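Here are my notes on the model, point by point. Please read them with the structure open.

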Amino acid sequence: MTNSLGLYIHIPFCEKKCNYCDFYSAFYNKDTLSVYLTALKGEIKKWGGKLDRPIDTVYIGGGTPSLLGEEIIPLLDCVKTNFTVLDKAEITVEANPSSSDDFLEFAKCAGVNRLSIGVQSGCDDTLKTLGRTHTSRDAAITVQKARELGFDNISLDLMIALPDSNLQTLKNDIDFILSLNPEHISSYILKIEQNTAFFKKQDALNLPDDDDSAEQYLYMCDAFEKNGYNHYEISNFSRENKESRHNIKYWLGEDYLGLGPAAHSCLDGKRFYYPRDLMGFIKNPQTVYDGEAGGKQEALMLGLRLSRGVDLSKIYGEIPEMIRKKINLLENAGYIKANLPHISLTNSGMLISNSIITELLGDYL
Ligand code: SF4
């Protein structure tokens, strides 16, 4: 593990709540954003004074970071003043597609070198169903504008297994994403979470069943792989050397500091987080201890998310006979690629990763 650190900054504001979303965010208000930024900069200063570790990735997520507008410039200046940000640091910001605002210019000026754009679908009716405020045209214009500004590392989000979806609608969405030629794609199977608008009306949503969702996932993996994207993590695809360096830290169990309400950290063997409480953060930001990091169970759970897989000898030492038998069964069923002590999941295995991990953990850890 290196001495460098990833820094996550949460911008917990949205103009409108999307129908599927349970991320922590409050309704946007300019004055509240302003007092939030004061509190956030106070935390950046506090942690920068405590930690003598260089930052090699910064990720500004939300919420809707594009609501920062030009405030992204002093925010990243504050990070650079209080931490040593390495010259080659990956600095990502999430942006919602918008054909009208100047956020991308401000982000470029601030030193952002990677964008993550929430495209989600190429179909305007689907975007409406999801409660998104943009259109597919907005997404295309945003990507084009980003290219004109010189961004050469763009990630696009795609959602699959959506209401009224099938392989044809998925193909249309994939073709749309591919037409924008991103360096990276993050793709998520829609999950209906509690406390979302979709949860309350899920019986009325025409959702694909588990088999159809699985078929969509495998179709998508195949389509992106055929188009030159490396499927390097369950939900992530990239061109060569364009993996998300920040997110890889999460899966490798490396250290990162998360600032803002609902932001989690993993630092020096400890996990902690700020509660999901915007006003609490503004008044008195305090973290809550969330246990020790780096156990074997965690290493297996996180490591198997990556297509590079895990070395089981680092988890078990000598691999128990019972585990070898299970691996054999899972390999024959097409869920695992094994070259012991190394294993990784196939695309089919990624679909049922939780069950596989439960099987492999057994009574041994
Ligand atoms: S999906 Fe993004 S924009 Fe929509 S409510 Fe959630 S955080 Fe806000």
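1. In which hand, left or right, does α11 pass α15? The crossing is right-handed. A crossing is right-handed if the near helix is turned clockwise from the far one by less than a right angle, and left-handed if anticlockwise. Helices here are DSSP runs of H or I with at least four residues, strands are runs of E with at least two, and both are numbered from the N terminus.

2. Some ground rules. This is a predicted model, in which local features need pLDDT of at least 70 and side-chain atom pairs count only at pLDDT 80 or more, while totals for chains, interfaces and linings use all residues. Residues are numbered from 1 along each chain as its sequence is written.

3. Back to the α11 and α15 pair. Helix α11 covers residues 296–303 and helix α15 covers residues 353–361. They pack at about 145°, with axes 10 Å apart. Axes are lines fitted to C-alpha atoms, for helices over the stretch in contact, and angles run from 0 to 180 degrees between N-to-C directions. From α11 come Q297, L300 and M301; from α15 come I357, L360 and L361. Contact means that C-beta atoms, placed from the backbone, lie within 7 Å. By class, this contact has 5 nonpolar residues, 1 polar and no charged. Nonpolar covers Ala, Val, Leu, Ile, Met, Phe, Trp, Tyr, Cys and Pro; charged covers Asp, Glu, Lys and Arg; the others, Gly among them, are polar.

4. Helix α6 (residues 167–179) and helix α8 (residues 210–226) cross at roughly 30°, and their axes come within 10 Å. Here too the hand is stated: α6 passes α8 in a right-handed crossing. L167, L170 and I174 of α6 meet E215, Q216, Y219, M220 and A223 of α8. This contact has 6 nonpolar, 1 polar and 1 charged residues.

5. Now the whole chain. The protein chain has 15 helices and 17 strands. Its C-alpha atoms fill a box of roughly 60 × 50 × 40 Å along the principal axes. The radius of gyration is 21 Å, which agrees with the value near 21 Å for a compact globule of 365 residues. That radius is taken over C-alpha atoms, and the globule rule is 2.2 Å times the number of residues to the power 0.38. Of the 365 residues, 38% count as buried. Buried means 20 or more other C-beta atoms within 10 Å of the residue's own, exposed means 12 or fewer, and partly exposed lies in between, with C-beta atoms placed from the backbone. Among contacts between residues at least 6 apart in sequence, 68% join residues at least 24 apart.

6. S25 sits in the loop between β2 (13–14) and β3 (26–27). S25 counts as buried because 23 C-beta neighbours lie inside 10 Å. Beyond four places in sequence, S25 contacts P12, F13, C14, G62 and G63.

7. Check the cis peptides. The bond from G62 to G63 is cis, with omega near 20°. G63 lies in the loop between β4 (55–62) and α2 (72–82). Another cis bond joins L340 and P341, with omega about 15°. P341 is in the loop between β16 (336–339) and β17 (342–345).

8. Check the positive phi values as well. N241 is not a glycine, yet its phi is about 60°. N241 belongs to the loop between β10 (236–238) and α9 (245–252). N241 is exposed because 9 other C-beta atoms lie within 10 Å. A262, also a residue other than glycine, has phi near 75°. A262 is in the loop between β11 (256–259) and β12 (264–267). With 18 C-beta neighbours inside 10 Å, A262 is partly exposed.

9. Last, A39 in helix α1 (residues 30–50). A39 is partly exposed, with 19 other C-beta atoms within 10 Å. Leaving out residues up to four places away, A39 touches F281, I282 and P285.

Technical notes. Two residues are in contact if their C-beta atoms, placed from the backbone, lie within 7 Å.
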